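The sequence and structure follow.

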Amino acid sequence: MQIGLDYMQMRTRAQYYGLRWAGISLLAVGGILAASGIAYYGYLYFLRASLDDYEALRQDATLIEAAAPAGTAGGTGVSIVSLPAGAYAQRVQELGYSEMPSAAAWPVGTQPPASRVIVPSLGIDARLDQVSISGSSIANYAAADNPAAGYASVTANPGERGAIWLFGPAGSGVRSFGSLTRAPHLLTEGDELLMFVNSSDRDYLYAATHSEVVKAGDLRLNSSDRATIHLVVPVPKGWYDHFLILSGELVGVR
């Protein structure tokens, strides 16, 4: 009888310690998961807080009209910024181009679409294929296995008085636009940031003017009576609910 009682007490103690350690283990796992969640969302908050660092205006550029405040009913487009007359005259000649002021570009619909965009300072070199995305709009997608994740050009073609919009995925390849995050630093430091856009019969030179960040749901494609280009990539990494937009103005043609 005593032996049976001892066995029952041993089993009770084993169950007690087993449940105790199981509870401790669950608490530890829960603590680790909670800490991981806090760290993850803290990291994403840090990334969002850095979005302001992506906004920059070239030192010699002039802000003509600021973009509408974020969250307005009509959405948010890019600001209208202009370079001083002749700002790149010497550099345009050195590169073998003829100077072409933005306001003196061709009317919309008169020039062929872009076939390639190159931004040497950022390591971007994307070839574009023309694809119709709807009955009323033409887009240019990067030649890739998944063109829907590539680049789209709307509103105007290179050399025309209007805006070229090129959307690219985040990444580190030459056909990705992830390196656009380095553009604000170059603009702030006054470093050269040129964008070369090729079409079937001409090459165009655009000079970067400014960079902006717009919430993805608020972005509206806008234009002006000047020849501009806007390279767009989703940011920040891991969240991708905003767009970083690098804008430039036409300065040369050949």
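Arg-202 is partly exposed, with a relative accessible area of 28%; by the cut-offs used, buried is under 20% relative accessible area, exposed is over 50%, and partly exposed lies in between (1.4 Å probe, protein chains only). This is a predicted model, in which local features need pLDDT of at least 70 and side-chain atom pairs count only at pLDDT 80 or more, while totals for chains, interfaces and linings use all residues. Residues are numbered from 1 along each chain as its sequence is written, and side-chain values use heavy atoms, with hydrogens and water left out.

Arg-202 sits in the loop between strand E9 (194–199) and E10. Helices (H or I, at least four residues) and strands (E, at least two) are DSSP runs, numbered from the N terminus. Leaving aside residues up to four places away in sequence, Arg-202 touches Trp-106, Gln-111, Val-197, Val-253 and Arg-254, where a contact means heavy atoms within 4.5 Å. Pro-158 is 44 residues from Arg-202 along the chain, and their C-alpha atoms are separated by 8.8 Å.

**Salt bridges**

The whole structure holds seven salt bridges, each defined as a side-chain nitrogen of Lys or Arg within 4 Å of a carboxyl oxygen of Asp or Glu.

| Asp-125 | Arg-116 | 2.7 Å |

Asp-125 is partly exposed, at 25% relative accessible area. Arg-254 is partly exposed at 48%, and Asp-203 is partly exposed at 22% relative accessibility. Elsewhere, a network of salt bridges links Arg-91, Glu-94 and Glu-192.

**Strand E12 and Glu-249**

Glu-249 belongs to strand E12. Is this residue, Glu-249, buried or exposed? Glu-249 is buried, with a relative accessible area of 6%. Its contacts, not counting residues up to four places away in sequence, are Val-81, Ser-82, Leu-83, Ser-102, Leu-205, Tyr-206, Ala-207, Thr-209, Arg-226, Ala-227 and Thr-228. One of these, Ala-207, is 42 residues from Glu-249 in sequence, with a C-alpha to C-alpha distance of 5.4 Å.

**The cavity**

A cavity is taken on a 1 Å grid over the protein atoms alone as a set of points where a 1.4 Å probe fits but cannot get out, and lining residues have an atom within 4 Å of a point. Grid points are joined across faces, edges and corners, and a volume is the space filled by probe spheres set on the points. The count is one cavity of 30 Å³ or more, and the largest cavity has a volume of about 100 Å³. Its lining has 15 residues, of which Ser-79, Ile-80, Arg-226, Thr-228 and His-230 are the closest to its centre. Two or more lining residues come from each of strand E3 (80–82), E10, strand E11 (228–235) and E12. E12 gives the largest share of the lining, three residues.

The lining divides into three nonpolar, ten polar and two charged residues. In this grouping Ala, Val, Leu, Ile, Met, Phe, Trp, Tyr, Cys and Pro count as nonpolar, Asp, Glu, Lys and Arg as charged, and the others, Gly among them, as polar.

**The loop between E11 and E12**

Pro-236 is placed in the loop between E11 and E12, and the peptide bond leading from Val-235 to Pro-236 is cis, with omega near -10°. Tyr-240 also lies in the loop between E11 and E12. Phi of Tyr-240 is positive, near 55°, in a residue other than glycine. Tyr-240 is partly exposed, with a relative accessible area of 39%.

**The chain as a whole**

The chain has three helices and twelve strands. It has 254 residues, 41% of which count as buried. Of the contacts between residues at least 6 apart in sequence, 66% join residues at least 24 apart. The accessible surface of the chain is about 13400 Å², with 58% belonging to carbon and sulfur atoms; areas come from the Shrake-Rupley method with a 1.4 Å probe, and for residues only the protein chains shown count as cover.

Terms used
On a 1 Å grid over the protein atoms alone, a cavity is a set of points where a 1.4 Å probe fits but cannot get out, and a pocket is an open set with protein on both sides within 12 Å along at least five of seven lines; lining residues have an atom within 4 Å of a point.
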